[in-house]
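Colleague: Could you walk me through this model? I have not looked at it before.

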Amino acid sequence: MSVQVSQDFHQVVKERHSVRYYDPSVKMTIAELEEILHEATLAPSSSNLQPWRFLVIEDQALKEKLLPIAFNQKQVVDASAVIAVFGDLKWYERGEQIYSASVDAGYMTEEVKQQFVGTAENVYRNMDEARKKSIVHIDGGLVSMQLMLSARARGYDTVPMGGFDGVKFKEAFNVPEHYENIMLIAIGKAAQPGRPTVRLPLDQIVSWNEL
Ligand SMILES: Cc1cc2nc3c(=O)[nH]c(=O)nc-3n(C[C@H](O)[C@H](O)[C@H](O)COP(=O)(O)O)c2cc1C
């Protein structure tokens with residue numbers, strides 16, 4: 001199946017709604033999922049350390065296993081896949097790898113790399129657990145949003161899900177201790193459109209220059 005990628009950002013943003021009814025007969029290909037994941041990871045992250053990790057659950061038996069853990073939300077089994085987004089609480093250990101690649105690509109000098117690696121090791125490693133979790137949740141939210149928009153631009157739909165038992169999920173899917181659950185994202189072809197939702201008016205949520 002060839003997928004048209006929409007170039008109209010406004011349309012993509014406006015047409016994204018959380019979809020909870022999926023056509024179970026539509027199976028996205030690994031290539032399509034990888035394209036979406038790749039585009040999602042172009043999101044910004046703290047010091048470009050990319051703490052996000054993903055588990056793509058597309059095997060039907062595994063989706064069935066997830067169903068009760070996700071409080072029987074049916075999109076888990078009907079969507080083409082469920083993508084678990086994690087934040088690696090040891091994310092800063094990839095600094096050497098990431099910044100060396102930047103040097104190899106000519107984006108960064110060796111000296112700047114050494115500074116960045118030092119910051120990653122000294123600043124992030126010594127942070128308290130709550131601050132570490134906050135960082136991976138911020139970056140995890142950004143990559144998740146970008147994933148959902150990338151999917152929509154390809155004619156697919158998603159629903160972000162916080163409604164699952166995080167402890168049971170980690171047990172059932174052998175999630176390492178240092179992976180923080182961010183959210184699950186069901187992804188696939190809508191069988192029914194998402195219900196319309198409202199947003200607070202700007203004058204209730206935006207202040208200009210002072211709060
Ligand atoms: C962090 C997060 C967790 C959510 N968890 C669930 C969930 O478990 N099940 C569900 O059906 N929708 C879930 N939603 C979807 C929201 O209900 C939805 O985004 C909101 O109502 C706005 O609708 P829209 O996404 O269609 O614009 C979640 C959304 C977010 C951002």
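**Contacts inside the protein**

Modeller: L147 touches I36, L37, A40, F54, I83, I185 and I187, leaving aside residues up to four places away in sequence, where contact means heavy atoms within 4.5 Å. This is a predicted model, in which local features need pLDDT of at least 70, side-chain atom pairs count only at pLDDT 80 or more, and totals for chains, interfaces and linings use all residues. Residues are numbered from 1 along each chain as its sequence is written, and side-chain values use heavy atoms, with hydrogens and water left out.

Colleague: OK, and how many residues has the largest nonpolar core?

Modeller: The largest nonpolar core has 33 residues, and L49, Y124, L147 and I187 are those with the most contacts inside it. Such a core is a set of buried Ala, Val, Leu, Ile, Met, Phe, Trp, Tyr and Cys residues joined through side-chain atoms within 4.5 Å; buried means under 20% relative accessible area, exposed over 50%, and partly exposed in between (1.4 Å probe, protein chains only).

Colleague: Which helix or strand gives the most to this core?

Modeller: That is α7, with six residues; helices (H or I, at least four residues) and strands (E, at least two) are DSSP runs, numbered from the N terminus. A second, separate core of 22 residues includes V76, V82, A84 and L184.

Colleague: Switching to the ligand, how many residues surround it?

Modeller: The ligand is surrounded by 13 residues, and the closest are S18, R20, Q73, G162 and R199; a residue counts if one of its heavy atoms lies within 4 Å. Strand β4, residues 157-161, gives the most to this shell, with three residues.

Colleague: And which atoms of S18 and G163 lie by the ligand's oxygen atoms?

Modeller: For S18, an N or O atom in the side chain is 2.6 Å from an oxygen atom of the ligand, whereas for G163 a backbone N or O atom lies 2.9 Å from a ligand oxygen. The ligand taken alone exposes 620 Å², and the protein buries 64% of that, with areas from the Shrake-Rupley method and a 1.4 Å probe.

Colleague: One more thing, what is phi of S47?

Modeller: Phi of S47 is near 55°, a positive value in a residue other than glycine. S47 lies in the loop between α2 (30-40) and β2 (52-57), and it is partly exposed, with a relative accessible area of 30%. Q50 is found in the loop between α2 and β2, and its phi is near 50°, also positive.

Key
Polar contact = N/O pair within 3.5 Å; in protein donor to acceptor, adjacent residues only side chain to side chain.
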